Amino acid sequence: MLPQEIIHGFAFDKDNPLWKATLMLLDASIESETAYALAKENKGEDRAYHCGRAEALNSFKAVLLTTRDTVLKDIGRTE
């Protein structure tokens, strides 16, 4: 069972502007880090660094989306 603070925090309406902005910012950051990783002027260690950042951002986004889905399911809402 998730803590009440998380349940309350993730039980917002689907059109929440902060949620949309957060996902947009994460997507832009993931895309940016991926572009840096693929840039031909980067060395191996720089590529690894940017790949790690992109993966961390992607994992964090997945945690947010999974938590939101879990909360909505637990409170009986679907979106």
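Visitor: Why does E33 count as buried?
Guide: Look at its relative accessibility, which is 8%. Buried means under 20%, so E33 counts as buried. Keep in mind that this is a predicted model.

Visitor: What makes E33 and R53 a salt bridge?
Guide: Their side chains meet at 2.9 Å, N to O. E33 lies in helix α2 and R53 in helix α3, so the bridge ties together parts that are 20 residues apart in sequence.

Visitor: And why is R53 called partly exposed?
Guide: R53 has 39% relative accessibility. Exposed needs over 50% and buried under 20%, so R53 falls in between and counts as partly exposed.

Visitor: How many salt bridges does the structure hold?
Guide: Three. One of them joins the side chains of D27 and K61 at 2.4 Å, N to O. That pair links distant parts of the chain, with D27 in helix α2 and K61 in helix α3, 34 residues apart.

Visitor: What makes K20 and D15 a salt bridge?
Guide: The distance is 3.7 Å, N to O, and the cut-off is within 4 Å, so the pair qualifies. D15, at 53%, counts as exposed, since exposed means over 50%. K20, at 43%, is partly exposed.

Visitor: How do you know that the span of α2 agrees with its number of residues?
Guide: Do the check: at 1.5 Å a residue, its 22 residues should span 32 Å. The end C-alpha atoms are 31 Å apart, which agrees.

Visitor: Which residues of α2 are buried?
Guide: W19, L23, L26, I30, E33 and A37. Seen down the axis of α2, they fall within an arc of 95°, so they line one face of the helix. An α-helix has 3.6 residues a turn, so residues three or four places apart point the same way.

Visitor: What covers that buried side, and what sits on the face turned away?
Guide: What covers the buried residues of α2 includes α3. The face turned away carries the exposed residues P17, M24, L25 and E31.

Technical notes. Residues numbered from 1 in each chain as written. Predicted model: local features only at pLDDT ≥ 70, side-chain atom pairs only at ≥ 80, totals over all residues. Heavy atoms only, no water. Buried < 20%, exposed > 50% of the residue type's maximum accessible area, 1.4 Å probe, protein only. Helix = DSSP H or I, 4+ residues; strand = E, 2+ residues; numbered from the N terminus. Expected span 1.5 Å × (residues − 1). Arc of directions from axis to C-beta. Contact = heavy atoms within 4.5 Å.
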